[in-house]
Amino acid sequence: MENKEKFRDKIATADDEGKRLWVFPKKPSGKFYEYRKYVSYVLLILLFAAPFVKINGNQFMMFNILERRFNIFGFPFWPQDFHIFVIMMVIGVVFIILFTVAFGRIFCGWLCPQTIFMEMVFRRIEYWIEGDRGKQIRLEKQKWDAEKIRKRSLKWFIFFIISFLIANVFLAYLMGSDRLIQYVTDGPLNHLSTFISLLIFTAVFYFVFAWFREQVCVIACPYGRLQGVLLDNKSIVVAYDHKRGEKEKGRAKFKKNEDRAATGKGDCIDCFQCVHVCPTGIDIRNGTQLECINCTACIDACDDMMEAVDLPKGLIRYASEENIEKKAKFKFTPRLKGYSIVLGILTAVLVGMLFIRSEVEARILRLPGQLYEKKADNIISNVFTYKLVNKTTADFENIEFRLLSHQGEIKPVKQSNIMVPGQELSEGTLFIEIHTAALEDDKEKLKIGIYSGDRLIETTSTIFMGPRSFN
């Protein structure tokens, strides 16, 4: 350590006064970076396509919070399915926790939208316009001449256009792609509030990717803070093999024709390539740190240098602290088994809920403030309101209500064809009439079947009020 008194006592992107230090990472290259590009491009295609792809008429992914309508993998979920949606979110959290305990912040480096957009879109545009690390540093120090104005203006303009596109896709997830396309066709002035929201989202994305950048991972993202609780010495992370890199004499610059093994010097040649390539500006040789997103850029950079000086690769690699200290292999620990069992139980519960989930949600409630009406021939009548929610894209026609638990009649106010269009709801009023002889109490629980033609599509129950005593 160069200065043990100040070792890791502040984040890498701030100086002693707390002023931000801008990170100029070197353009990465290597095996892992190529893998990350393939994964990122697939995820980007999915991210941009998901709101516009439809399965059985349903948007593939939609999170319409205002109207409380959600589509996940083409399956529509209504407010009545909120418990299923919650289970799915909990499963996602447990899944991420499980993989964090086992493999560190692999989600951050490979799957997180923030990392993918920053490193595979915005950063690559920056390299294309301003050049690699050295050229970017020189441009930053350069006075505002014609070259700097031209490069910065071009970069900021492209960043704004991409942020605008991302904001549109984001709105497509929130409000639905059909509505978004309709709004675009109608023109922004006809939907001014939505257009203002679009500009706000654009400004937020532009701020994040043009200026805030890695600070999202360091300051804003709660997941980075959680890793200190979730990781242990058995978690596989991007790690520096300090035993091999330091040895007895520590790090030292590379000298040609020197026998480093004989001198006791470590394999780390102190070239700082792992630091220069890091998108969050840390020195991985200082151990696992809050800012590290496991992007593997340092692994590629170190392997390139090891190959150049004819030393074994893997000085920085995916490994656990226990593996580096004791050469221990990865084991499925009791902690991982516990998380796996919880994940399995939650998944089984979700599958069960999806299997018993009905196509139509029915609710029949007594009209508030109304008791009952006694008609001729000892007939008791109650008035109810009904609400039918169709969770599918198919239309249900010729809706009929039938009493399944008692002898009686159900008479909808609207006697003609009752239908529930796909992904819509139908509301109305109905009367239920039952003879007093069929009633055993003043409050009877009725079971009602909802039929579309001769097909039973849902059953529900309600409370029927009657007199306290019967003759």
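**Figure 1. Packing of helix α1 against helix α4 in the predicted model.** Helix α1 spans residues 31–49 and helix α4 spans residues 113–130; the two pack at an angle of about 105°, and their axes lie 10 Å apart. Because angles of 65 to 115 degrees count as roughly perpendicular, α1 and α4 are described as roughly perpendicular to each other.

**Figure 2. Residues in the contact of α1 with α4.** From α1, the contact is made by Y33, R36, K37, S40, Y41, L43, L44, L47 and F48. Helix α4 contributes T115, I116, F117, E119, M120, V121 and R124. By class, the residues of this contact comprise ten nonpolar, two polar and four charged.

**Figure 3. Domain 1 and domain 2 of the protein.** According to the domain assignment, domain 1 consists of 1–141 + 213–357, and domain 2 of 360–465. The centres of the two domains, taken over C-alpha atoms, are separated by 56 Å. Nine residues from domain 1 and seven residues from domain 2 take part in the contact.

**Figure 4. Area buried between domain 1 and domain 2.** About 770 Å² is buried between the two domains, and carbon and sulfur atoms give 51% of this area. On the side of domain 1, R69, W78 and Q80 lose the most area to domain 2; together they account for 60% of what that side buries.

**Figure 5. Salt bridges in the predicted model.** Across the interface of domain 1 and domain 2, one salt bridge is found. The close-up shows the side chains of K391 and D81, which meet in a salt bridge with an N to O distance of 2.8 Å.

Methods:
Residues are numbered from 1 along each chain as its sequence is written. This is a predicted model: local features need pLDDT of at least 70, side-chain atom pairs count only at pLDDT 80 or more; totals for chains, interfaces and linings use all residues. Side-chain values use heavy atoms; hydrogens and water are left out. Axes are lines fitted to C-alpha atoms, for helices over the stretch in contact, and angles run from 0 to 180 degrees between N-to-C directions. Helices (H or I, at least four residues) and strands (E, at least two) are DSSP runs, numbered from the N terminus. Angles under 35 degrees count as roughly parallel, over 145 as roughly antiparallel, 65 to 115 as roughly perpendicular and the rest as oblique. Contact means heavy atoms within 4.5 Å. Ala, Val, Leu, Ile, Met, Phe, Trp, Tyr, Cys and Pro count as nonpolar, Asp, Glu, Lys and Arg as charged, and the others, Gly among them, as polar. Domain bounds come from an automatic or database domain assignment. Buried area is the accessible area (1.4 Å probe) that two parts lose on being put together, summed over both. A salt bridge is a side-chain nitrogen of Lys or Arg within 4 Å of a carboxyl oxygen of Asp or Glu.
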